[in-house]
Amino acid sequence: MSSDRIEGRPIPRLPKGLRDTFANDVLARRHTIDKIRRVYENYGFAPLETSAIEYVETLGKFLPESSTPAGGIFAFQDEDNSWLALRYDLTAPLSRIFSEYRKEIPQPFRRYQVGLVWRNEKPGPGRFREFYQFDIDTVGTPSMAADAEVCCVLADALEALDIARGDYIIKVNNRKALNGVLEVVGISPDDEDTSLGVLRAIDKLDRLGLSAIRELLGKGRVDESGDFMKGANLREEQIQLIVDLLSVNEKLRSAVCDRFQSLVQGSAVGEEGVAELREIDRFLSAVGYGEDRVVFDPTVVRGLAYYTGPVVEAALTFETTDETGQKKQFGSVAGGGRYDYLVERFIGEKVPATGASIGVDRLLAALKQLGKLSGIESSAPVVITVMDRNYILEYEKMAFQLRNAGIPAEMYLGSGGFKKQLQYADDRGSVVAVIAGSREFEAGEVSLKDLRLGRELSKNITDRAAWSKEQPAQITVSMSNLVEEVRGILNRYAANNAE
């Protein structure tokens with residue numbers, strides 16, 4: 001009887017919705033995070049690390065009338081029967097940290113944090129249960145300067161990654177101003193079902209278009225699959241006011257504020273929201289962040305029940321092709337806003353806070369499409385081939401000579417002949433292989449094989465024998481010049497990547 005599984009042995013398999021990441025992608029992520037980190041620190045944000053596991057009440061993810069955690073988290077009970085969970089974002093742990101250490105930390109508290117978060121949601125194409133976020137937050141100030149800085153930080157971070165102006169835009173709205181429009185329309189703040197229905201409809205504008213949103217604000221619509229999507233059941237005059245909001249297309253931030261002002265006239269909360277937008281515009285204009293980088297967009301919703309004031313979204317505007325072959329803008333890679341009530345859950349008093357989160361994995365996908373991650377694999381080590389095992393200690397000395405000079409290097413430790421060793425170096429993405437046998441050691445020489453050049457030249461070979469004889473990608477140098485010659489080859493490629 002045959003079986004793919006041998007009795008008693010586990011099957012090597014990865015849980016659904018998770019993924020393994022190999023060297024090139026790890027290096028690309030580290031490279032990207034380091035560039036963003038430098039921007040964050042330039043604004044005075046300090047690093048923070050929090051536990052990956054929190055008490056469920058910290059995350060606030062119990063459903064009403066339920067004794068077990070729900071809401072998309074991975075949870076379990078400890079020995080005291082207390083519910084613990086993997087963090088689903090980095091903001092809830094920050095709120096716990098601030099509440100727990102508020103007498104010991106400087107205020108306002110400005111921190112950045114990068115790390116994995118986990119969500120127990122149905123996985124799909126490009127949708128994972130484990131992913132990286134990179135956050136900045138300022139806790140303890142109501143100043144709109146903090147919200148304006150969020151916009152500046154996001155713009156600077158994207159530009160630090162060589163994303164050009166015109167390929168990204170930072171969009172800003174204000175939840176108070178949105179609530180003011182709903183109030184003028186006649187939707188009570190206490191009518192959460194209708195309010196959320198309207199906001200969910202607005203949030204679908206980019207995907208569905210204005211005519212579909214009209215249907216969702218009214219009786220509802222039938223989607224592409226034939227399913228009926230329930231509408232918000234607004235009257236026609238109410239729908240028209242919302243459509244007027246969604247039709248705001250002024251380019252200047254000040255002009256958007258003027259239009260918003262006319263739509264919220266008579267709503268105290270709406271006028272407060274517009275005043276906050278004007279204050280953000282004042283700060284942005286003062287430091288030179290124009291509409292080519294930051295715009296006001298009344299259609300941005302984000303976090304239906306989470307944000308309390310300004311909301312921000314960083315979108316990449318370059319064109320890409322989706323899984324159906326349709327052309328579309330790449331879309332959002334970061335978002336955030338003001339959340340003035342999250343800390344209140346712990347200490348019983350309102351603490352103003354604002355921040356943003358970059359979706360690192362989605363940003364990496366965009367950078368790969370833009371060709372911004374090429375050359376990062378150049379950190380692959382120099383491989384020292386072992387041609388004669390009688391010289392094994394000399395090979396190891398060469399490896400340490402290169403390492404001590406700051407050049408990553410390794411002596412080949414596997415079995416197999418010269419061809420297999422070069423294949424290993426190629427598989428590692430190495431730029432240089434060091435070759436020395438007994439004759440080279442007797443002559444005090446070593447051969448350096450430029451593997452990258454060899455790979456390029458081999459694409460156009462017509463006479464392999466002649467090419468092998470000429471060895472245009474291999475040079476012989478004095479052993480005393482090993483470090484200098486290897487560094488020269490590596491620096492040539494580093495200079496090309498920098499151009």
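Helices H5 and H6 cross in a right-handed sense (a crossing is right-handed if the near helix is turned clockwise from the far one by less than a right angle, left-handed if anticlockwise). Helices here are DSSP runs of H or I with at least four residues, and strands are runs of E with at least two, numbered from the N terminus. The model is predicted: local features need pLDDT of at least 70 and side-chain atom pairs count only at pLDDT 80 or more, while totals for chains, interfaces and linings use all residues. Residues are numbered from 1 along each chain as its sequence is written, and side-chain values use heavy atoms, with hydrogens and water left out.

The axes of H5 and H6 lie 11 Å apart, and the two helices pack at an angle of about 120° (axes are lines fitted to C-alpha atoms, for helices over the stretch in contact, with angles from 0 to 180 degrees between N-to-C directions). At this crossing, Arg-175, Leu-178 and Leu-182 of H5 meet Ser-195, Val-198, Leu-199 and Ile-202 of H6, contact being heavy atoms within 4.5 Å.

H6 itself comprises the twelve residues 192-203. Its buried residues are Thr-194, Ser-195, Val-198, Leu-199, Ala-201 and Ile-202 (buried means under 20% relative accessible area, exposed over 50%, and partly exposed in between, with a 1.4 Å probe and protein chains only). Viewed down the axis of H6, these buried residues fall within an arc of 160°, so they line one face of the helix; the arc is that of the directions from the helix axis to the C-beta atoms. An α-helix has 3.6 residues a turn, so residues three or four places apart point the same way. Glu-192 and Asp-193, on the other side of H6, are exposed. The cover over the buried residues of H6 includes H5 (175-185), H7 (205-208), H8 (210-217) and H9 (236-246).

The strands remain to be described. Eight of them form an open sheet of mixed pairing, in the order E1-E5-E6-E13-E12-E11-E7-E10; two strands pair if DSSP finds at least two bridges between them. E1 (46-47) and E10 (294-296) are the edge strands, each pairing on one side only. Within the sheet, E6 (residues 130-139) and E13 (residues 353-359) run antiparallel and are joined by seven bridges. Ile-136 stands opposite Ala-356 of E13. Helix H13 (residues 360-369) lies across E6, E11, E12 and E13, at about 145° to E12.

Note on methods:
The expected span of a helix is 1.5 Å times one less than its number of residues.
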